[in-house]
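Keep the 3D view open while you read.

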Amino acid sequence: MTQLTLGKALNAGLRKAMQDDDKVVIMGEDIGKLGGVFRITDGLLDEFGAARVIDTPLAESGIVGTAVGLAYRGYRPVVEIQFDGFVYPAFDQIVSQVAKLHYRTQGRVKMPITIRIPWAGGIGAAEHHSESPEAYFVHTAGLRVIAVSNPEDAYRCLRQAIASDDPVIFFEPKRLYHHKGEVDLDASLADAPPMGLARVVREGTDATIITYGAMLTTALDAASAAEDEGLSLEVIDLRSISPVDYDTVAASVRRTGRVVVAHEASREAGVAAEVIASITERCFEYLEAAPVRVTGHDVPYPPAKLEKFHLPDLDRILDAVDRVLDRPNSLTGAES
Amino acid sequence: MGIKHEKASEVAVTYFGDGATSQGDVNEAMVFAASYQAPVVFVCQNNHWAISEPVALQSQYPISGRAPGFGIPSMRVDGNDVLACMAAMRWALDHARSGKGPAFIEAVTYRMGPHTTSDDPTRYRDPAELESWKTRDPIARVESFLRGLGEIDDEQIAAAHADADKLAREMRAECLGMVTREPLAVFDNVYAEPHCGIDRQRDEYAAYLATFEEA
């Protein structure tokens, strides 16, 4: 095992995927000599050359469109979208071409494209640099959507995404790029759990917190704090938000009967809404309380000085836990 | 770009209309093809109309004139002249194959019919325009050219027409004869690999359909 930051784990994952399959090419803005604005592609140009590590013009639709052409030709393109808020110019290519070509051609043309997106807030960035656009892609049939939360998953899931014959939108929580963890660099994908499998990160009995990405850290902090009050919270990292591993989710909900779903993205028609609707369909008779969402507000991503009021934090998660446990909370007031 | 990396001799040819040239993607494609000197031939079929929008709304300048601004040599050709189109395409393919990067052809023609069966060009087109283009039919022109050369006779022309009619008949019959696949086929090929979400929806829909069989 090796201690790596999440960013270095992604770099190692890209390197391994490129070593394992010479059809893997990576492309994006500033990914060559600079190594990407977050240095995720650092050193890859020197190792693999300009034919496989491709600096691109500043045109996201053109980048993804070029990846589509490369996929037609039998390549496995890995695209870096520089920031979450820059993906929208590529939205038409992703939704109209990447997601649909396998279906349109009745399986004759595969789109093994991985679209990496440095994602979400908490780094004090300017507009367009802190967004959580995952629900758009979750809603689109034909795409798989992964959101990692730690170096080990980052290394493994990125390699799995690249090896997948389906297109994968791969969200990287940029505020965790420098978080460290143990990674087994020699781990074989053949023995690895499937990319879409959720993980019970912390076991508990009183309620289940379901989350993904950087919010996992906050949820685990909340679970630790709740333990001090005698509460036992289970925490699930979805890892894949399309499709969602409802077997793991439902098994937990059937034990705890109480659910909080947390994410940074805004609320309306978000991932939490879908997860709670699916839990309700599958486990209604096990629920002891209405599930509760803890999300970003339905506002454009606010300026840096305001983002702490937008991002769900430990206290907002604990307030939601109080709600599902019928304890005094922000809606009932302290006296309840 | 794959062709270029492999040093293969193929060329990627992309066809689009005058309307599409206003799209950002067409312009981004020209930027990428030029930047990477990729062997791409852009063929714009300018038929003067994008449903009811005239080409002047898409471009106030000959469309072929845009390509040089991207660093792509271009040629404007009479799209109703079969031999001119063939020569232009040969030039473009040779250019792309020789490693000089992309080339652009604008073939100028005319949309004789409506855009679709629900379109009504009489609402937006001058009938005189249509009449003037009727005299420039590319098939009639190539026929009269070959006759002039003495390369073709009535019998060959009749045979060509018969072949074309037969092909059209067969295509219509095939279209009309297309069968609707079984309902669960709607779920096929959404993904290349197993997907628990789609599998569940397929199972639920299959169970729903089964209730009709039992009834």
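## Ground rules

A residue is called buried if 20 or more other C-beta atoms lie within 10 Å of its own, exposed if 12 or fewer, and partly exposed in between, with C-beta atoms placed from the backbone. This is a predicted model, in which local features need pLDDT of at least 70, side-chain atom pairs count only at pLDDT 80 or more, and totals for chains, interfaces and linings use all residues. Residues are numbered from 1 along each chain as its sequence is written, while chains are lettered from A and ligands numbered from 1 in the order in which they are written.

## Chain B

By the burial cut-off, 19% of the 215 residues of chain B count as buried. The chain has eight helices and six strands (DSSP runs numbered from the N terminus: helices are H or I with at least four residues, strands E with at least two). Starting at the N terminus, chain B's elements go α-β-α-β-β-β-α-β-α-β-α-α-α-α. Its radius of gyration is 24 Å, well over the 17 Å that the globule rule gives for 215 residues, so chain B is more spread out than a compact globule. Here the radius is taken over C-alpha atoms, and the rule is 2.2 Å times the number of residues to the power 0.38.

The C-alpha trace of chain B covers about 70 × 50 × 40 Å along its principal axes. Take contacts in chain B between residues at least 6 apart in sequence: 70% of them join residues at least 24 apart. Two residues are in contact if their C-beta atoms, placed from the backbone, lie within 7 Å.

## Where A meets B

On the chain A side, 23 residues are in contact with 19 residues of chain B.

## Two domains in chain A

Chain A splits into domain 1 (2-191) and domain 2 (199-324), with bounds from an automatic or database domain assignment. Their centres, taken over C-alpha atoms, are 26 Å apart. Across the boundary, 26 residues of domain 1 of chain A are in contact with 21 residues of domain 2 of chain A. On the domain 1 side, α6 (134-138), β6 (144-147), α7 (151-163) and β7 (168-173) of chain A each supply at least two residues. The most come from β6(A), with four residues.

## The sheet and a buried valine

Seven strands of chain A form an open sheet with mixed pairing, in the order β3-β2-β4-β5-β7-β6-β12; strands pair if DSSP finds at least two bridges between them. At the edges are β3 (53-55) and β12 (240-242) of chain A, each with a single partner strand, so one side of each is left without a neighbour in the sheet. Strand β5 (residues 114-119) of chain A runs parallel to β7(A), joined by six bridges, and A:Trp119 sits opposite A:Pro173 in β7(A).

Now find A:Val98, in helix α4 (residues 91-98) of chain A. Is A:Val98 buried or exposed? It counts as buried, with 27 C-beta neighbours inside 10 Å. Beyond its neighbours within four places in sequence, A:Val98 has contacts including A:Val64, A:Val68 and A:Ile113.
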